Amino acid sequence: MSDRSLRGMRLGAQSMESEAGVEPAPRQRVEYRCEDGEQVFVTFSSEAEIPPVWTSKTGKEAYLVDGERPSENSEKAVRTHWDMLLERRSVPELEQILQDRLTLLREKRGERV
């Protein structure tokens, strides 16, 4: 029985098939550069759409070499809670609502108004 066992082999953990005759998908190596001159090389599929900005391992933004820089104004301004509130109500309305709520709170506490 011992002559039929596979010694030194992890069954199921490794494929017995070789990589002979297998062609990898076509790829392209793209270069990005940070503002401080750091170079970043990324490999993409030849069919992939190349992003104009890539974040390097150090966390810096790197821009595509020989590519157009994205426009700075393309992002929408962040709307805060206060901005959305001012879209629905005016400042005098908000002051009146505040006074009403403070009066109600003080009455619940038993304070004189």
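Guide: In this predicted model, the count of salt bridges comes to four. Two of the four involve Lys60. The side chain of Lys60 meets that of Asp36 at 2.6 Å, N to O. This pair links distant parts of the chain, with Lys60 in the loop between S3 and strand S4 (61–64) and Asp36 in the loop between S1 and S2, 24 residues apart. Lys60 also forms a salt bridge with Glu38, at 3.2 Å, N to O. Here too the pair links distant parts of the chain: Glu38 sits in the loop between S1 and S2, 22 residues from Lys60. Taken together, Asp36, Glu38 and Lys60 are linked in a network of salt bridges.

Asp36 counts as exposed because its relative accessible area is 52%, and the cut-off for exposed is over 50%. Lys60 has 33% and is partly exposed. Glu38, with 23%, is partly exposed as well.

Glu35 counts as exposed, its relative accessibility being 62%. From C-alpha to C-alpha, Glu35 and Lys60 are 8.5 Å apart in space, while 25 residues separate them in sequence. Leaving aside residues up to four places away in sequence, Glu35 touches Glu61, Tyr63 and Arg69.

A further salt bridge joins Glu31 and Arg33, whose closest N and O atoms are 2.5 Å apart. Both residues are partly exposed: Glu31 has a relative accessible area of 21%, and Arg33 is at 33% relative accessibility.

From the charged pairs, turn to the nonpolar side chains. The largest nonpolar core has seven residues, namely Val30, Tyr32, Cys34, Val40, Val42, Phe44 and Ala62. S1 and S2 are the elements that give two or more residues to this core.

Phe44, one of the core residues, counts as buried because its relative accessibility is 14%, and buried means under 20%. Not counting residues up to four places away in sequence, Phe44 touches Arg27, Gln28, Val30, Tyr32, Ile50, Pro51 and Trp54.

The structure holds two aromatic pairs. One of them is made by Phe44 and Trp54, edge-to-face, with 5.5 Å from centre to centre and 90° between the planes. This pair links distant parts of the chain: Phe44 is in strand S2 and Trp54 in strand S3 (residues 53–55), ten residues apart. Trp54 is partly exposed, with a relative accessible area of 29%.

Last comes a part of the surface. Trp82, Leu86 and Val91 make a nonpolar surface patch of about 280 Å². Leu86 is found in helix H1 (residues 81–88), and at 35% relative accessibility Leu86 counts as partly exposed.

Terms used: Residues are numbered from 1 along each chain as its sequence is written. This is a predicted model: local features need pLDDT of at least 70, side-chain atom pairs count only at pLDDT 80 or more; totals for chains, interfaces and linings use all residues. Side-chain values use heavy atoms; hydrogens and water are left out. Buried means under 20% relative accessible area, exposed over 50%, partly exposed in between (1.4 Å probe, protein chains only). Contact means heavy atoms within 4.5 Å. Patches are made of residues with over 30% relative accessible area and no salt bridge: like charges are joined within 9 Å, nonpolar side chains (Val, Leu, Ile, Met, Phe, Trp, Tyr) within 5 Å. Accessible areas come from the Shrake-Rupley method with a 1.4 Å probe; for residues, only the protein chains shown count as cover. Helices (H or I, at least four residues) and strands (E, at least two) are DSSP runs, numbered from the N terminus. A nonpolar core is a set of buried Ala, Val, Leu, Ile, Met, Phe, Trp, Tyr and Cys residues joined through side-chain atoms within 4.5 Å. Rings of Phe, Tyr and Trp (its six-membered ring) pair if their centres lie within 6.5 Å; planes under 30 degrees apart count as stacked, over 60 as edge-to-face and the rest as tilted.
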